[in-house]
Amino acid sequence: MLFRSRRKNQLAKDAPVYLMLAGFGISKGGHARAVVRAGADGAIVGSAIASIYENDLGSPGSTLPNIAALCSEIKQGCISGHEDRNNNIHQEAAGVDRYV
């Protein structure tokens with residue numbers, strides 16, 4: 001039995017992983033939460049980070065705290081979205097009507 005369990009774990013590690021990511025317009029934690037709640041595995045942020053960086057091109061290092069804060073906000077939004085989605089799945093499995 002132990003051998004079979006190890007074999008299954010190895011097969012899972014070797015299997016390709018496909019993630020669904022959402023981008024374009026993600027600039028706040030709430031945006032990330034919404035797309036993850038809707039089914040995405042994560043959020044991609046580009047322009048929002050570039051906009052922060054662009055605010056001080058003369059001293060780009062000074063923008064790092066703001067970029068880090070945005071990344072933290074987006075990360076928390078993704079975590080909250082996953083929690084929301086998992087709670088809905090558990091409620092549906094338990095027969096709880098979430099629309100009441």
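**View 1. The chain has four helices and two strands.** Helices (H or I, at least four residues) and strands (E, at least two) are DSSP runs, numbered from the N terminus. What you see is a predicted model, in which local features need pLDDT of at least 70, side-chain atom pairs count only at pLDDT 80 or more, and totals for chains, interfaces and linings use all residues. Residues are numbered from 1 along each chain as its sequence is written, and side-chain values use heavy atoms, leaving out hydrogens and water.

**View 2. Helix H2 spans residues 29-37.** Its buried residues (under 20% relative accessible area, 1.4 Å probe, protein chains only) are Gly29, Ala32 and Val36. Seen down the axis of H2, these fall within an arc of 60 degrees, so they line one face of the helix; the arc is that of the directions from the helix axis to the C-beta atoms. After H2 comes Gly39, with a positive phi near 135 degrees.

**View 3. Val17, Leu19, Leu21 and Ile44 make a nonpolar surface patch of about 420 Å².** Areas come from the Shrake-Rupley method with a 1.4 Å probe; for residues, only the protein chains shown count as cover. Look for Leu19 in the loop between helix H1 (2-14) and strand S1 (21-22). Leu19 is exposed (over 50%), at 61% relative accessible area.

Key:
Patches are made of residues with over 30% relative accessible area and no salt bridge: like charges are joined within 9 Å, nonpolar side chains (Val, Leu, Ile, Met, Phe, Trp, Tyr) within 5 Å. A salt bridge is a side-chain nitrogen of Lys or Arg within 4 Å of a carboxyl oxygen of Asp or Glu.
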